[in-house]
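Here is a friendly walk through one protein model, from the whole chain down to a few residues. Have the viewer open as you read.

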Amino acid sequence: MVPSPDVTCFQGFFSYPDMQPILRHFCVYHLNAPGQEEGAMTLKPEHDVVGNPDSLGSRFVYPTMDQLAEAVHHVVEHFGMKTFIGFGVGAGANILSRYELCHHDKVDSLVLVNPTASKSGWIEWGYQKMNSWYLFSGQLTSFTEEYLLWHWFGKKTRWTNHDLIHTYSEYIKTINAQNLGLFIETYLKRTDLCIIREMDPMRKISARTVRCRSLILVGDDSPHMEDVVEMNGRMLPEETDFMKIADCGGMPLEEQPGKTCEAFRLFLQGMGYVPSLVQSHSTAAECSQLYTPQMMQPMTC
């Protein structure tokens, strides 16, 4: 199951050739945050004084991050899932983590890309507040576009991978600006996950923490590196694998799909899934720079 604000960041990854043997063993459910799908109606404009027929107006209040996590549970119950493997990026990773804390029995494992466990800092709050103000007015300014591209990819990829950046620049123009502003506001108001790494065996049983097997992924040039490392430091070391992907910015699924696919395959095989799948020759060459002797062991600090 892959919650995210949009389908774009998963589309290329799930279409990658090395992912096809894995996907043959699983059924994928993709979840969009409300109003973030292509062609979405305006959920709640800043002022709906003219009676916009395409708007739900003041009847709609955008859900909180905890409510979005509970929305995942409605999907799980609707489709009768006993357990699932969650794959989340950014805000989706935060939502899945919240879901696991409330419904541990339903989550088999989590793959979290650029996750964060803390509430928003002052710098993030200031930039995103300005973005949401522009977006609520229906404007997609160059400031907002530049910030979103940095948020997704970081500085290095922003100026080196022009084809990828162009694709996402065009995608930004298709987003419903007001809905995106609402989603940003919800993410800004997120609460701390309040998870801890409890080392005392007696207290560990009752400690609030993510208890399922988890893989945390981040690019070595990701703009979210500090948040990801901080979250990894609050996870259980015996249940968490941390991987920093080389030659990658903030979007490992798009920038290094081969390395990400290989990490995902090894993670699945560590839990007993797809044991017969082997590493492809193309991925082996691609991963030669990733699996250095120092990085073969999961980093849990």
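## A contact rule and a buried serine

Throughout this report, contact means that heavy atoms lie within 4.5 Å. Please keep in mind as well that this is a predicted model.

With that rule in hand, which residues does S214 touch, not counting residues up to four places away in sequence? The list consists of L110, M235, E239, T240, D241 and F267. S214 itself sits in strand β5, which covers residues 213-219. Its relative accessibility is 0%, so S214 counts as buried. The side chain of S214 also has a polar atom 3.1 Å from the backbone oxygen of C212.

## The chain as a whole

Stepping back, the protein chain has 301 residues, and 52% of them count as buried. Its secondary structure comprises 13 helices and six strands. The accessible surface comes to about 14,700 Å², with 57% of that area belonging to carbon and sulfur atoms.

How much of the contact list links residues 24 or more positions apart? Taking the contacts with a separation of 6 or more, such pairs account for 74%.

## Helices α5 and α8

Now turn to helix α5 (residues 122-136) and helix α8 (residues 177-188). Their axes come within 8 Å and cross at roughly 155°. An angle over 145 degrees counts as roughly antiparallel, and α5 and α8 are therefore roughly antiparallel to each other. The crossing of α5 past α8 is left-handed. On the α5 side, the contact is made by E124, W125, Q128, K129, S132, L135 and F136. On the α8 side, the residues are A177, Q178, L180, G181, L182, I184, E185, Y187 and L188.

Is W125 buried, partly exposed or exposed? Its relative accessibility is 38%, so W125 counts as partly exposed. Leaving aside neighbours within four places in sequence, W125 is in contact with S120 and L188. The C-alpha atoms of W125 and Y187 are separated by 9.8 Å, while the two residues are 62 apart along the chain.

## Helices α3 and α4

From α3, the contact is made by M65, D66, L68, A69, E70, V72, H73 and V76. From α4, the partners are A91, N94, I95, R98, Y99 and C102.

Most residues other than glycine have a negative phi. N114 is not a glycine, yet has a positive phi of about 55°. D247, also not a glycine, has a positive phi of about 55°.

Where does each one sit? N114 is in the loop between β4 (107-113) and α5, whereas D247 is in the loop between β6 (240-245) and α11 (252-255). With a relative accessible area of 7%, N114 is buried. D247 has a relative accessibility of 39%, so D247 counts as partly exposed.

Definitions and conventions: Residues are numbered from 1 along each chain as its sequence is written. This is a predicted model: local features need pLDDT of at least 70, side-chain atom pairs count only at pLDDT 80 or more; totals for chains, interfaces and linings use all residues. Side-chain values use heavy atoms; hydrogens and water are left out. Helices (H or I, at least four residues) and strands (E, at least two) are DSSP runs, numbered from the N terminus. Buried means under 20% relative accessible area, exposed over 50%, partly exposed in between (1.4 Å probe, protein chains only). A polar contact is a pair of N or O atoms within 3.5 Å; within protein, one must be able to donate a hydrogen and the other to accept it, and residues adjacent in sequence count only if both atoms are side-chain atoms. Accessible areas come from the Shrake-Rupley method with a 1.4 Å probe; for residues, only the protein chains shown count as cover. Axes are lines fitted to C-alpha atoms, for helices over the stretch in contact, and angles run from 0 to 180 degrees between N-to-C directions. Angles under 35 degrees count as roughly parallel, over 145 as roughly antiparallel, 65 to 115 as roughly perpendicular and the rest as oblique. A crossing is left-handed if the near helix is turned anticlockwise from the far one by less than a right angle, and right-handed if clockwise.
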